[in-house]
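Here are my notes on the model, point by point. Please read them with the structure open.

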Amino acid sequence: MSADNRPQCLPRTRRARRQVASVATAAAMLTLAACGSGGVSGGGDNTNFVAGDGGIAKVAEGQRSAAPRLTDESLHGKKLDLADYKGKIVVLNVWGSWCAPCRAEAPNFAKVYSEYKARGVQFVGINTRDSSRQPAISFEREKGITYPSYYDPTGKLMLQFKKGTLNPQLVPSTLVIDRNGKIAVRALQALSEEKLRSMIKPVLAEK
């Protein structure tokens, strides 16, 4: 290890402040992941959804909640409005270029999107916690992502989803929104091609 990369020995007071800040950050992330009794996969009363195999939760067709209208700028500075895709099935993926599970699943999303985009299925990303656009744009280029993503560095779009519904809570999270703009399926984990297809196919088969 070079001298420049060695951990620095800080005065005890500074180290203590940094440790407190790290604990506070971790606690905040855990709070976001568990907000609301109905916000955790398979838990809480009156959620109308059940957890399936592999951490994928789903809601029966007549019991779904509407997704919020997400209107904001894309990574490339263009207007992006989720309502424009009503009538299509939308696969909404929350990701960050800094997130190792997101990097692992991204090629699977690129491949499955190419298979389903001609069948009325639109993929949309929400890029979050990237402090600038360039790392996220480079990520898209590297992973072959051609569908649009919102640029949401502070996570404000995630907070528009109601508690007690299939809301995105972690990075990565993936939602499948049906043709009527209602949330049908959610995963709070990185997805293989097989698992991603298993979320889309039942919603695609609905009439």
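1. The largest pocket has a volume of about 180 Å³. This is a predicted model, and the pocket is a computed one. Its lining takes in 15 residues. Closest to the centre of the pocket are A67, L82, A83, K86 and G181. By class, the lining of this pocket holds seven nonpolar residues, three polar ones and five charged ones.

2. G181 leads on to a hairpin. Strand 8 (residues 173–177) and strand 9 (residues 183–187) form this hairpin, with five residues between them. G181 sits in the turn and has a positive phi of about 80°. G181 is also among the residues closest to the centre of the largest pocket. L175 has R186 of strand 9 as its bridge partner.

3. Strand 2 (residues 56–59) runs antiparallel to strand 9, and three bridges join them. Here A57 stands opposite R186. R186 therefore has a bridge partner in L175 and stands opposite A57, within a strand whose five residues are all buried, five of five.

4. Is strand 9 enclosed or open to the outside? Strand 9 is largely enclosed by the rest of the structure, because five of its five residues are buried. The cut-off for buried is under 20% relative accessible area.

5. The largest cavity holds about 70 Å³ of space. Its lining consists of N93, W95, C102, E105, A106, F109, F139, I145, Y147 and S149. Seven of these lining residues are nonpolar, two are polar and one is charged.

6. Which element gives the largest share of that lining? Helix 2 does, with four residues. Strand 5 (89–95) and helix 2 each supply at least two residues.

7. F109 lines the largest cavity and also takes part in an aromatic pair. The whole structure has five aromatic pairs. In one of them, the ring centres of F109 and F123 are 6.0 Å apart and the planes stand at 75°. The pair is edge-to-face because its planes are over 60 degrees apart. The partners come from distant parts of the chain: F109 lies in helix 2 (residues 100–116) and F123 in strand 6 (residues 121–128), 14 residues apart.

8. Are F109 and F123 buried or exposed? F109 counts as buried, at 1% relative accessibility. F123 is buried too, with a relative accessible area of 0%. Both rings belong to one aromatic cluster, which is formed by F109, Y113, F123 and Y147. Of the cluster members, F109 and Y147 are also listed in the lining of the largest cavity.

9. Last, look at Y85. Y85 is placed in the loop between strand 4 (79–81) and strand 5. At 17% relative accessibility, Y85 counts as buried, because the limit is under 20%. Leaving aside neighbours within four places in sequence, Y85 is in contact with L80, V90, Q122, V124 and P148. Q122 is 37 residues from Y85 in sequence, yet their C-alpha atoms are 7.4 Å apart in space.

Terms used. Residues numbered from 1 in each chain as written. Predicted model: local features only at pLDDT ≥ 70, side-chain atom pairs only at ≥ 80, totals over all residues. Heavy atoms only, no water. Phe/Tyr/Trp six-rings, centres within 6.5 Å; stacked < 30°, edge-to-face > 60°. Buried < 20%, exposed > 50% of the residue type's maximum accessible area, 1.4 Å probe, protein only. 1 Å grid on protein atoms, 1.4 Å probe; cavity = no way out; pocket = protein on both sides within 12 Å on 5 of 7 lines; lining within 4 Å. Points joined across faces, edges and corners; volume = space filled by probe spheres on them. Nonpolar A, V, L, I, M, F, W, Y, C, P; charged D, E, K, R; others polar. Pairing = 2+ DSSP bridges. Contact = heavy atoms within 4.5 Å.
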